[in-house]
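Visitor: I would like to learn how to read the packing in a helical model. Could we take one feature at a time?

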Amino acid sequence: MSNEQNIQINLANIPQLLAHAIALENEASERYADLADLMEAHNNYDVASLFKKMSGIEQLHVNHIQEMVKRHRIKALPTVTYHWLSPEGPETTDTTDLHYLMNPRQALKLAMYNEQRACDYYANIAAHTQDEETRRLAQELSAEEAEHVGMVRVWMDKYPEPEADWDQDDDPPFQPD
Ligand code: ZN
């Protein structure tokens with residue numbers, strides 16, 4: 001477990017929660033679209049379509065949250081950023097860690113890690129906010145991310161562990177003579 005899970009996120013009100021939620025869901029949707037492209041480039045259409053589906057689900061979340069912003073008549077949200085992490089953490093890899101030879105199971109593992117992280121993120125907010133409405137909404141968002149974790153886990157079990165030499169390319173894109 002990384003240190004960030006020990007950090008208390010204390011969001012005082014709905015606008016703050018919605019700003020964080022939009023940042024998180026946008027990032028998730030974009031990363032899934034990236035993973036879909038990556039898998040498609042490898043003719044892995046099964047997993048590509050699965051990631052497209054996830055991207056769409058997270059995009060629906062963004063739309064849903066934007067509706068809430070309107071409903072609460074919030075004029076401006078604070079600017080917030082959120083980045084996916086690889087299971088190994090940001091110290092050893094870049095923030096996205098999308099390797100072009102990644103197999104479906106590894107891609108799904110990355111997705112599951114980030115779904116769990118999103119779930120924990122909202123749960124943490126729910127646990128620490130003083131505001132009842134913010135807590136309810138954070139719990140709702142956390143439960144939805146928990147569903148995503150379950151979904152990704154089911155898919156992951158269908159794919160074998162990667163070979164030991166998964167990152168060795170037998171047919172590299174560029175071979176000097
Ligand atoms: Zn999700």
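Guide: Start with a single residue. This is a predicted model, and in it A107 touches L35, M39, V47 and M102, once residues up to four places away in sequence are left out.

Visitor: Which residues touch the most other members of the largest nonpolar core?

Guide: The general idea comes first. In soluble globular proteins, nonpolar side chains tend to be buried together. Here the largest nonpolar core has 33 residues, and L17, L35, M39, F51 and A107 touch the most other members. At least two core residues come from each of helix 1 (14–41), helix 2 (45–71), helix 3 (104–128) and helix 4 (132–156). Helix 1 gives the largest share, eleven residues.

Visitor: How do I read a pair of helices, and at what angle do the axes of helix 1 and helix 3 cross?

Guide: Look at the distance between the axes, then at the angle. For helix 1 and helix 3 the axes come within 11 Å and cross at roughly 175 degrees. An angle over 145 degrees counts as roughly antiparallel, so helix 1 is roughly antiparallel to helix 3.

Visitor: Which residues make that contact?

Guide: Helix 1 contributes L17, L24, A28, L35 and M39, while helix 3 contributes A107, A111, N114, A118, Y121 and I125. Sorted by class, the residues of this contact are ten nonpolar, one polar and no charged.

Visitor: What is I14 in contact with, apart from its neighbours within four places in sequence?

Guide: The contacts of I14 are H72, E133, T134 and L137, with those sequence neighbours set aside. Sequence separation and distance in space should be read side by side. I14 and A138 are 124 residues apart in sequence, yet their C-alpha atoms are 9.3 Å apart.

Conventions. Residues are numbered from 1 along each chain as its sequence is written. This is a predicted model: local features need pLDDT of at least 70, side-chain atom pairs count only at pLDDT 80 or more; totals for chains, interfaces and linings use all residues. A nonpolar core is a set of buried Ala, Val, Leu, Ile, Met, Phe, Trp, Tyr and Cys residues joined through C-beta atoms within 7 Å. A residue is buried if 20 or more other C-beta atoms lie within 10 Å of its own, exposed if 12 or fewer, and partly exposed in between; C-beta atoms are placed from the backbone. Helices (H or I, at least four residues) and strands (E, at least two) are DSSP runs, numbered from the N terminus. Two residues are in contact if their C-beta atoms, placed from the backbone, lie within 7 Å. Axes are lines fitted to C-alpha atoms, for helices over the stretch in contact, and angles run from 0 to 180 degrees between N-to-C directions. Angles under 35 degrees count as roughly parallel, over 145 as roughly antiparallel, 65 to 115 as roughly perpendicular and the rest as oblique. Ala, Val, Leu, Ile, Met, Phe, Trp, Tyr, Cys and Pro count as nonpolar, Asp, Glu, Lys and Arg as charged, and the others, Gly among them, as polar.
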